[in-house]
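Biologist: Could you walk me through this model and tell me what the words for it rest on?

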Amino acid sequence: MPVVRVLSKVVKQALLAPACGCQPLAVAVRNISFSPRQVTSGSDASFHSVSFSETAHPKVLITGGLGQLGVGLAKLLRKRFGKNNVILSDIRKPPSNVFHSGPFIYSDILDYKNLREIVVNNRITWLVHYSALLSAVGEANVPLARAVNITGLHNILDIAAEHGLRLFVPSTIGAFGPTSPRNPTPDLCVQRPRTIYGVSKVHAELMGEYYHHRYGLDFRCLRYPGIISADSQPGGGTTDYAVQIFHDAVKSGKFECNLKPDTQLPMMYIDDCLRATLEVMEAPAETLSMRTYNINAMSFTPEELAVEVQKQLPDLQVTYNIDHVRQAIADSWPMNFDDINARNDWGWKHDYDLPELVQTMFNFIGSDSRIAQAS
Ligand SMILES: NC(=O)c1ccc[n+]([C@@H]2O[C@H](COP(=O)([O-])OP(=O)(O)OC[C@H]3O[C@@H](n4cnc5c(N)ncnc54)[C@H](O)[C@@H]3O)[C@@H](O)[C@H]2O)c1
Ligand SMILES: C[C@@H](O)[C@H](N)C(=O)O
């Protein structure tokens, strides 16, 4: 059969292949001479694919692990899979408590060879890709956000596909925009975000799902709400105020909010977020009717959060000084998130609503100060 006809038959088969019967990357590489990256000839699909025993005891790499979420996730995964089976990585220098709590390695996601070396040398089977520039810092440096969030993601997808990794990439409420339904926002609807962050996350969702269908990449993605944590700082997003209020309330009894009092956004306590991540990574593939899910816990406005915080610290004074960039972003994001598919498919259920969230935050950071104020 002429070469062109062989190629077109292979391409046609690949395009028609259902999700579960998709072509392994190595097969696609061999037959149609196309690779997301050049894989050395003779690469063997079975060699790269994840065996059952490997999925039972994964070896995990977390990129961008020194941000708000990575250290907490490493702690959770290490408890479950063992300290040495979870490697944190970042381009920043780790604080000494993090450095001494388990394996840490330098990894710049823009350096493809470095990433591949880490995955190969450490026999990585799960990759949790946390590196990103968030919404507000992304608008302040669009070229860098484009490089890290889009070019970096391409490196991650190719590495994961070539080495048969299970890949988790978080998306966000920021993947929706002003033309999306906002109250509630379902999994599938118009997505036309107006930030480079949102655009890059829609791109990540689509590329991950495409690699899943085209190459069988085990891509899993959750759209996180704004995440609230006590012992880690947010990295420059629109929802950061909901963390800052606790620290300022405890430190000075005053908080200046950069969003309007009635700006309603979906939010989640970090423990719920990290547990959801582990649960979706462990979910049997047949329970996942989709590869990108909304997850939700609560929605509130700055005014509602302040009222709840004032139940603990009645003297807290809240003023408003609007940051117009962040306000415009928040006004284009979901007010409520519909996560019915996550609840039905793999049993997602949040533990923390607003009162438990506030109580827990103060248990972590507030008790000393309340004692100080009372005396
Ligand atoms: N925190 C939230 O509220 C939230 C909500 C929705 C989605 N998410 C997503 O979850 C992930 C983690 O969020 P986070 O809050 O921990 O982010 P963060 O901004 O706190 O941390 C991101 C990390 O990426 C690292 N990084 C930047 N450039 C890099 C590069 N070239 N190579 C490797 N690492 C690099 C940074 O050093 C930083 O430590 C992100 O993808 C984010 O989009 C977070
Ligand atoms: C919502 C989320 O993606 C992030 N906290 C931000 O505000 O940019």
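Modeller: The shell around ligand 2 holds 4 nonpolar residues, 5 polar and no charged. Ala, Val, Leu, Ile, Met, Phe, Trp, Tyr, Cys and Pro count as nonpolar, Asp, Glu, Lys and Arg as charged, and the others, Gly among them, as polar. This is a predicted model, where local features need pLDDT of at least 70, side-chain atom pairs count only at pLDDT 80 or more, and totals for chains, interfaces and linings use all residues. Residues are numbered from 1 along each chain as its sequence is written, chains are lettered from A and ligands numbered from 1 in the order in which they are written, and side-chain values use heavy atoms, leaving out hydrogens and water.

Biologist: Why are α9 and α10 called roughly parallel to each other?

Modeller: Angles under 35 degrees count as roughly parallel, over 145 as roughly antiparallel, 65 to 115 as roughly perpendicular and the rest as oblique. The axes of α9 (residues 142–162) and α10 (residues 196–215) cross at roughly 15 degrees, so the two are roughly parallel.

Biologist: And what makes α11 and α16 oblique?

Modeller: Their axes cross at roughly 50 degrees, so this pair is oblique.

Methods: Axes are lines fitted to C-alpha atoms, for helices over the stretch in contact, and angles run from 0 to 180 degrees between N-to-C directions. Helices (H or I, at least four residues) and strands (E, at least two) are DSSP runs, numbered from the N terminus.
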